[in-house]
Amino acid sequence: MSKILKLMISKYAIEEFDWMSFRITKENPLTYHHIKKEASGGERTLDNGAPLTRYAQDYLHLIERYNFKIYRRINRVLSEINMQGFPPTKAQLDKINGFLLEFEVRHYEQLKKRLGMGKYDKFNATLERMKIQEGKPKVKKKLKKQRKSAKRN
């Protein structure tokens, strides 16, 4: 583990979950995510990083390929968390979860076909969890409510 990642873990009191609410495990270790891409001149510094698990990082790059607008929104929240200098608030985590849900609602069938559900499950897909917990009709209502909430913030 790099020094910068160790510093982030200490500074932001990261224990069980990363900034996208993915559980940290042996199979899904914490990694350093460049908020401003390295290819675009983003350095590996405390100010340009977000602690994400491997699956969260992979999923974020999948989102980048399918819906760059949502990718940018998530990165803005990650940057906001980084700039505030303390762990993410519930509102920030909810905002990220709302963006993930929006992505999954728009691209669910496409991803399921491309990746197969076995591989897609590893991302701990928000939509799949919600379908199981609440049933399909409530997913769309919850998404509408989250979009309205995000517009107010």
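View 1. Glutamine 57 counts as buried because its relative accessibility is 9%, where buried means under 20% relative accessible area, exposed means over 50% and partly exposed lies in between, computed with a 1.4 Å probe on protein chains only. The model is predicted, so local features need pLDDT of at least 70 and side-chain atom pairs count only at pLDDT 80 or more, whereas totals for chains, interfaces and linings use all residues. Residues are numbered from 1 along each chain as its sequence is written, and side-chain values use heavy atoms, with hydrogens and water left out. Glutamine 57 is found in helix α2, residues 54-66; helices (H or I, at least four residues) and strands (E, at least two) are DSSP runs numbered from the N terminus. When neighbours within four places in sequence are left aside, glutamine 57 is in contact with Thr31, Tyr32, His33 and Leu52, contact meaning heavy atoms within 4.5 Å.

**View 2. The largest nonpolar core.** This core has 30 residues, of which Trp19, Met20, Ile63, Ile74 and Leu78 touch the most other members; a nonpolar core is a set of buried Ala, Val, Leu, Ile, Met, Phe, Trp, Tyr and Cys residues joined through side-chain atoms within 4.5 Å. Two or more residues are given to this core by each of α1 (3-11), β1 (30-34), β2 (49-53), α2, α3 (68-84) and α4, and the largest share, six residues, comes from α3. Methionine 20 is in contact with Leu52, Ala56, Leu60, Ile74, Ile96 and Leu100, leaving aside its neighbours within four places in sequence. In soluble globular proteins, nonpolar side chains tend to be buried together.

View 3. The structure holds six salt bridges, each being a side-chain nitrogen of Lys or Arg within 4 Å of a carboxyl oxygen of Asp or Glu. One of them joins the side chains of arginine 23 and glutamate 16, at 2.1 Å from N to O; arginine 23 is partly exposed at 43% relative accessibility, and glutamate 16 is partly exposed at 40%. In another, aspartate 94 meets lysine 90 with the closest N and O atoms 2.9 Å apart, and because these two residues are four apart in helix α4 (residues 90-121), about one helical turn separates them. Aspartate 94 is partly exposed at 38%, while lysine 90 is exposed at 61%. Glutamate 102 and arginine 106 also form a salt bridge, their closest N and O atoms being 3.0 Å apart. Glutamate 102 is buried at 6% relative accessibility, whereas arginine 106 is partly exposed at 48%. Arg73, Glu102 and Arg106 are linked in a network of salt bridges.

**View 4. Aromatic pairs.** There are five aromatic pairs in the structure; rings of Phe, Tyr and Trp (its six-membered ring) pair if their centres lie within 6.5 Å, and planes under 30 degrees apart count as stacked, over 60 as edge-to-face and the rest as tilted. Tyrosine 66 and phenylalanine 103 form an edge-to-face pair, 6.5 Å centre to centre with 70 degrees between the planes. Since tyrosine 66 lies in helix α2 and phenylalanine 103 in helix α4, this pair ties together parts that are 37 residues apart in sequence. Phenylalanine 103 is buried, with a relative accessible area of 0%. Phenylalanine 68 and tyrosine 71 form a tilted pair, 5.5 Å centre to centre with 35 degrees between the planes, and both lie in helix α3, three residues apart. Ring pairs link Phe22, Tyr59, Tyr66 and Phe103 into a cluster.
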